[in-house]
Amino acid sequence: MAAPVLQQPSFLLANLKVDSTTKPLLQRCQELVKVIDEYPAKELHLIFPWLVETVFGSLDGVIVGWNLRFLQARSNEYNIAMDFLDPSGPMMKLVYKLQAEDYKYEIPVSYLPGPVRASIHEGVLPDCPLFHNKLQFPLSGLLSLSLALNPFEFYMFNLASSLITPKNYPPGQHVSASDNAYFVLVDSYLKYFLPTEGNVPPSPFSDSRGSVSAPAPRSPSVPFAGYGIHSTSLLKRHISHQPSVNADPAAQEIWRSETLLQVFVEIWLHHYSLEMYQKLQSPQVKEPFSPTEEHVLVVRLLVKHLHAFSSSLKPEQVSSSPSAHSHASPLEEFKRVVVQRFVQQKLYVFLQHCFGHWPLDASFRAVLETWLSYIQPWRYTGEKTNPLTDQNRGVPDKWASFVQENLLMYTKLFQGFLNRVIRTDLVNVKNALMVFRVAKVFAQPNLAEIIQKGEQLFLEPEHVLHHRQHRVFLTPGHGGSFLSARQPAGTDAVFRVKSHVYGLEGQECQYKQMFGTELRGAVLKLIQIIAQARQTAKRISDHSAEVASNNSFMSWFGMGSSDLNNTFSGSEGGDETGECFKKTHEFLDRALENLCQIFRLNPGQLSQLMANLGSGQDDINSRQLPDCIQGENGLILTDLGRMQIINGLRRFEIEYQGDPELQPIRSYENAVLVRLLFRISSLVNDRFGDRMEALCSRPDFLGRLGRHYLAGPVAGASGKRRSPVTRRTLERNPQPRLSVRTLASYRTLLLLVLLYVLGALLSVGPVSCTLLILTGGFLYGVLMTLLGGKLKSQ
């Protein structure tokens, strides 16, 4: 493309739109770089919304954009897109160029997260400063409300929204959550604007006053509602006014870090109302938003980076004394409070919703690892540790305040995990791994003691506080703010813990202790379930090994076990192997050890629990039906029965209960012979059915002999509890019929071949041999009929 000449902006936009449909990505990006460098902000202003939509897709999902979530590192377009969207690349250069001119771009309120949108429609300004002084009120009313965002906010809003916006992607495309272009791009923006070393690089452009304008602050008289933590901007004393020419460069630029984080937290986490959660004590209300596994993994990336960002705080700034903060830079102050003030509440409700609504399958691992990442900030300090010695080192004492100020993240979410895990299939290796992961984390030396200390602080009686000072436990929506929430030097840990719990659960919450009697009973129940699942996994593993050892050439002829009904009904998924069940046994073994360590169960208590199960109980249970009651239409599972099925403790026997002639062709049968013999026997039964019935109805010896050969029982007609349909089938008297299907079995054919070979060796001809076999079969029937009659008479 030649060097651009000045033309009407509409022509520039029209040309770019045409190029976007006809030219490859590399050429388009090269031309966009020239346009960004050579055109003034006045012309670039009109193409910016279209360019952002072209890259990230439209907010309504109709336009897909560049498909960043499907761009893998091995694709040709990956590096092109990443270079163009790099934090120091052409796209951000365009953002800064427009930012210096103070342009605004509108976002409809309908695309905001549910609680924010509801708050605005109720006429109440949301708590987050991101939405302050930006509402546009058109003449058409509230339904067409919009936000006027600056270029940086508009760009980051579209970047964050593209993760959660449903889009109609081409069929056959699959997302790889950890190495796609979107995931890597978010990671690069986090590292650039929330650096663990140094400051945020300054903007390459300045406005007429000498600095890039920061967002205008909220008026302190505006009332708040909702559960957000922000009452004013975090760096109020630095950026609550427009920065001047001589202002500290870090103070001028730190607002970008705050804005980036506010956008990510609001768009990715703020989808559930804290007020509704507090009313119900669990987010059981059906919300219109359901996070995906990819969404949760990106949230985990955010959590991990924020821990690393916060942990990079200089040691002299960690102290909570006012003197230490008086000389702190804006970025250092940001690091000190970023996790608690920005993420804690919204992430807590987000995780609570996931714990309560996520499907009971292995995809929950993404939610689990996000939770475990948040409650282990010491893993992201950047310190090099030896993995072998790190396991025994324990949690450093300096993290006690973090654990106490996030107490519910440990205790309440552990209870939520406990409620989930007792309803999952622990024989499945992926579910067993999740139990092991949680038990391993909470078994870290010193962690259980720190949590217990935090619970003791929260449960300290109220009258103990009265002699210190009169306090109101502020919830963030009622007076808390970033800097005003800083506790005085004399404020103790009791106040911080109580403020945390009451702020999230409400002033009237009924706190359940993690190490209390009720939860301890639930843990003991889990230990029993783990022990039973472990035995089930061991039994299945042993059975798989036995089957593998018996897999020989002779089994092809049916010499092995042919009872398909006695196979083990495994856990979820059909890819479980003996090796997987060995891993399941190992994970559950180590989970038991860790749980005993966490809750201080002595070997005697554990032995008693195991003794209650009994060594043979699991084998007995495997042959029993799940717990159920008899209803009008058959068996009805109880809650206990469902749990027994989920954990592989008991099962319904799966066996064929219909006409033996019509059961599926087995692997040990010849399909051609089965069909041929069925036709022959059907012809005989149709022609001589009446005579066979008359013969079998006789009370004498001939009648008994006829019933032995002709009136075979329906498959599975043993006395078991059955479904109504099967019972009605069995109640109908089966008609006498001839069945020769056994001749199609490879086992029978092999036996006949051996008998004919033996006859040949003894000089017995084929006809004579056939007569001898038929005679032997008849005499066997006569003998069984006589013996059967004598047994009945006795």
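Let's start with a hairpin: strands E4 and E5 form one, with two residues between them. Strands here are DSSP runs of E with at least two residues, helices are runs of H or I with at least four, and both are numbered from the N terminus. E4 covers residues 628–631, E5 covers residues 634–637, and four bridges pair them in the antiparallel sense. Two strands count as paired if DSSP finds at least two bridges between them.

A word on the source. This is a predicted model, where local features need pLDDT of at least 70 and side-chain atom pairs count only at pLDDT 80 or more, while totals for chains, interfaces and linings use all residues. Residues are numbered from 1 along each chain as its sequence is written, and side-chain values use heavy atoms, leaving out hydrogens and water.

Now the whole chain. It has 33 helices and five strands. Of its 794 residues, 47% count as buried. Buried means under 20% relative accessible area, exposed means over 50%, and partly exposed is in between, with a 1.4 Å probe and protein chains only. The chain exposes about 39,400 Å², and carbon and sulfur atoms supply 57% of that. Those areas come from the Shrake-Rupley method with a 1.4 Å probe; for residues, only the protein chains shown count as cover. Next, contacts, meaning heavy atoms within 4.5 Å. Among contacts with a separation of 6 or more, 79% are between residues 24 or more positions apart.

On to the sheet. What is the order of its three strands? It is E1-E3-E2, in an open sheet with antiparallel pairing. E1 (105–108) and E2 (135–136) stand at the edges with a single partner strand each, so one side of each has no neighbour in the sheet. Four bridges join E1 to E3. Pro 108 stands opposite Ser 146 in E3. Two bridges join E2 to E3, which spans residues 146–149. There, Leu 135 has Leu 147 as its bridge partner in E3.

Look along E3 itself. In a regular strand, side chains alternate between the two faces of the sheet. In E3, Ser 146 and Ala 148 point one way, Leu 147 and Leu 149 point the other way, and all are buried. Helix H7 (residues 151–164) lies across E1 and E3, at about 40 degrees to E1. That angle is between N-to-C directions, on a scale from 0 to 180 degrees, using axes fitted to C-alpha atoms, for helices over the stretch in contact.

Next, the core. A nonpolar core is a set of buried Ala, Val, Leu, Ile, Met, Phe, Trp, Tyr and Cys residues joined through side-chain atoms within 4.5 Å. The largest one has 174 residues, and Leu 68, Tyr 155, Trp 268, Trp 371 and Phe 442 touch the most other members. Which helix gives the most to this core? Helix H15 (residues 330–357) does, with 13 residues. Leaving out residues up to four places away in sequence, the residues that Phe 442 touches include Trp 371, Tyr 410, Phe 414, Met 514 and Ile 598.

Back to a helix. In H28 (residues 639–646), Gly 641, Met 643 and Gln 644 are buried. Seen down the axis of H28, its buried residues fall within an arc of 160 degrees, so they line one face of the helix. The arc is taken from the directions from the helix axis to the C-beta atoms.

Two loop residues deserve a look. Arg 600 is not a glycine, but has a positive phi of about 55 degrees. Arg 600 sits in the loop between helix H25 (578–598) and helix H26 (603–613). Buried or exposed? Arg 600 is partly exposed, at 44% relative accessible area. Ser 763 also has a positive phi, about 65 degrees, and is not a glycine. Its loop runs between helix H32 (746–761) and helix H33 (766–793). Ser 763 counts as exposed, at 70% relative accessibility.

Last stop: Val 33, in helix H2 (residues 25–38). Val 33 is partly exposed, with a relative accessible area of 28%. Leaving aside neighbours within four places in sequence, Val 33 is in contact with Phe 84 and Pro 90. Val 33 and Leu 94 are 61 residues apart in sequence and 9.2 Å apart in space, C-alpha to C-alpha.
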